[in-house]
Amino acid sequence: MAERSYGQYCGLARALDLVGERWALLLVRDLLVGPRRFTDLRRGLPKIPSNVLSTRLRELEEGGVVRRRALPRPDSGVVYELTDYGRALEDVVLRLGSWGAAHLSDLRPGEVLTPDAMVIALRAMFRPDAAAGLHATFRFVLGPPDAPTVFFARVDGAALEAGPGPGPEADLVIAGGPDVRRLFTGEVGAGEAIAAGLVRVDGPAPDPAALLTAFTVAFRLGDGVPAPVPVPVPA
């Protein structure tokens, strides 16, 4: 770690020594969702070479951010998980994700949407004060029908539980493609999104549009972060 040090006696510089290398914060992001095997981490970051993944995990272990734990029987193998010191990065990761969301547009060629990334996005989007009267479970099925990204959010007032997979029985199932981002940013309302086919809703909720509206009040992508102003670059 020392050979890549910035040589600055500064907390920010030390933090970058620990988690500033490429892929490191994305590994922290996925481990904030829960412990993961090496293969799970590789699957969630399909563009990371295996040797780089091994190196980053070793560096994070050496820095006290990540630890390995052997699974008890009947399971076998080893999982990686965040230490208490590593979990203290959650607020940093959520705030940095919210800041970066202002630069999101449509999916770029080659970009993937993963359940763990979306779970962290939900945590970053959640506004507890706005969710005070909301008690519902949402399931999301986003992306192509043959390989959708599935995750859930259960809201109990100011408390949020979110995770990958279908989760518990949902009051509302929200399905759609990349354009669903416009609903999450508030560019379009729930009724307009449904009418335009940006999202499809299903489930036992008596008024799906009203529940979807309640969701958009409790969750907002990039809320409070101003969109960047494009600056022309001379040729």
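This is a predicted model: local features need pLDDT of at least 70, side-chain atom pairs count only at pLDDT 80 or more; totals for chains, interfaces and linings use all residues.
Colleague: How far apart are the N and O atoms where the side chains of Arg69 and Glu81 meet?

Modeller: The two side chains form a salt bridge with an N to O distance of 3.0 Å. Arg69 belongs to strand β1 and Glu81 to strand β2, so the pair ties together parts that are twelve residues apart in sequence. In the loop between these strands, β1 (66-70) and β2 (78-82), sits Pro74, and the peptide bond that leads from Arg73 to Pro74 is cis, with omega near 10°.

Colleague: Which parts does the salt bridge of Arg56 and Glu21 tie together?

Modeller: Arg56 and Glu21 meet at 3.6 Å, N to O. Since Arg56 lies in helix α4 (residues 50-62) and Glu21 in the loop between α1 and α2, the pair ties together parts that are 35 residues apart in sequence. Arg56 is buried, at 12% relative accessible area, whereas Glu21 is partly exposed, at 28%. A network of salt bridges links Glu21, Arg56 and Glu59.

Colleague: How many residues apart are Arg58 and Glu62 in helix α4?

Modeller: They are four residues apart, which means a separation of about one helical turn, and their closest N and O atoms are 3.9 Å apart in a salt bridge. Arg58 is partly exposed, with a relative accessible area of 44%, while Glu62, at 54%, counts as exposed.

Colleague: Which residues of helix α10 are buried, and where do they lie around its axis?

Modeller: In α10 (residues 208-218) the buried residues are Leu211, Leu212, Phe215, Thr216 and Ala218. Viewed down the helix axis they fall within an arc of 165°, so they line one face of α10. Among the elements that cover them are α7 (115-125), β3 (135-142) and β6 (172-176).

Colleague: Which residues touch the most other members of the largest nonpolar core?

Modeller: As a general idea, nonpolar side chains tend to be buried together in soluble globular proteins. Here the largest nonpolar core has 56 residues, of which Val65, Leu122, Phe138, Phe140, Phe184 and Phe219 touch the most other members. Helix α7 gives the most to this core, with six residues. Leaving aside residues up to four places away in sequence, the contacts of Leu122 include Phe140, Phe151, Phe215 and Phe219.

Note on methods: Residues are numbered from 1 along each chain as its sequence is written. Side-chain values use heavy atoms; hydrogens and water are left out. Helices (H or I, at least four residues) and strands (E, at least two) are DSSP runs, numbered from the N terminus. Buried means under 20% relative accessible area, exposed over 50%, partly exposed in between (1.4 Å probe, protein chains only). The arc is that of the directions from the helix axis to the C-beta atoms. Contact means heavy atoms within 4.5 Å. A nonpolar core is a set of buried Ala, Val, Leu, Ile, Met, Phe, Trp, Tyr and Cys residues joined through side-chain atoms within 4.5 Å. A salt bridge is a side-chain nitrogen of Lys or Arg within 4 Å of a carboxyl oxygen of Asp or Glu.
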